[in-house]
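This report covers selected local features of one model. Please view it alongside the sequence and the 3D structure.

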Amino acid sequence: GMVEAVGTRRVDVGAADSYLFDLIRKHDPAFAAQVKVIGTTSAAPMPPFVATGSLAPGHLASLQEAFRAVAGAAELAQAREHLLLTGFEIPDAAVYDVFHGIRRIAERHADVW
């Protein structure tokens, strides 16, 4: 919606997720060309996949292995290309700590929103 709002000049500037914007550029370059990227923020991890807390450890390992296998699965090549994915990483949970800092900044400036 933000890309459309900027492209149709309903707003002057807005934020868009970079992965989403990459998908728009790939699949609808004319639509993406309506806007210009004027700045970017520091890289942050993609949102995590989450499961119920009661997921058995063996099931978690199976899910993680299935995600890792995506990179080499020939039958998923078209889907990977369509989604601009090369595979999945299982990061250390600490990589998501960056979002705590973002939340603190947002809370300090809540009156701006």
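## An exposed glutamine

Gln 78 counts as exposed, because its relative accessibility is 69% and the cut-off for exposed is over 50%. The model is a predicted one. Gln 78 belongs to helix α5. Its C-alpha atom is separated by 23 Å from that of Phe 31. Along the chain, Gln 78 and Phe 31 are 47 residues apart.

## Helix α2 and its buried face

Helix α2 spans residues 18-27. Three of its residues are buried: Phe 21, Leu 23 and Ile 24. Viewed down the axis of α2, the buried residues fall within an arc of 155°, so they line one face of the helix. A general point on helices applies here. An α-helix has 3.6 residues a turn, so residues three or four places apart point the same way.

What do the buried residues of α2 pack against? Their partners are α1 (2-7), α3 (29-32) and α5 (77-83). A side-chain oxygen of Asp 17 comes to within 3.1 Å of the backbone nitrogen of Tyr 19.

## The largest nonpolar core

The largest nonpolar core has 6 residues in all. Its members are Val 3, Val 6, Phe 21, Ile 24, Ala 32 and Val 35. Helices α1 and α2 are the elements that give two or more residues to this core.

Neighbours within four places in sequence are left aside. Val 3 is then in contact with Ala 16, Phe 21, Ile 24, Phe 31 and Val 35.

## Aromatic pairs

How many aromatic pairs are there? The count comes to 4. In one of the pairs, the rings of Phe 49 and Phe 67 have their centres 4.7 Å apart, with their planes at 25°, so the pair is stacked. This pair links distant parts of the chain. Phe 49 sits in the loop between α3 and α4 (57-69), while Phe 67 is in helix α4. They are 18 residues apart.

Are the two residues buried or exposed? Phe 49 counts as exposed, at 61% relative accessibility. Phe 67 is partly exposed, with a relative accessible area of 27%. Ring pairs also bring in Phe 88, which forms a cluster with Phe 49 and Phe 67.

Conventions:
Residues are numbered from 1 along each chain as its sequence is written. This is a predicted model: local features need pLDDT of at least 70, side-chain atom pairs count only at pLDDT 80 or more; totals for chains, interfaces and linings use all residues. Side-chain values use heavy atoms; hydrogens and water are left out. Buried means under 20% relative accessible area, exposed over 50%, partly exposed in between (1.4 Å probe, protein chains only). Helices (H or I, at least four residues) and strands (E, at least two) are DSSP runs, numbered from the N terminus. The arc is that of the directions from the helix axis to the C-beta atoms. Contact means heavy atoms within 4.5 Å. A polar contact is a pair of N or O atoms within 3.5 Å; within protein, one must be able to donate a hydrogen and the other to accept it, and residues adjacent in sequence count only if both atoms are side-chain atoms. Rings of Phe, Tyr and Trp (its six-membered ring) pair if their centres lie within 6.5 Å; planes under 30 degrees apart count as stacked, over 60 as edge-to-face and the rest as tilted. A nonpolar core is a set of buried Ala, Val, Leu, Ile, Met, Phe, Trp, Tyr and Cys residues joined through side-chain atoms within 4.5 Å.
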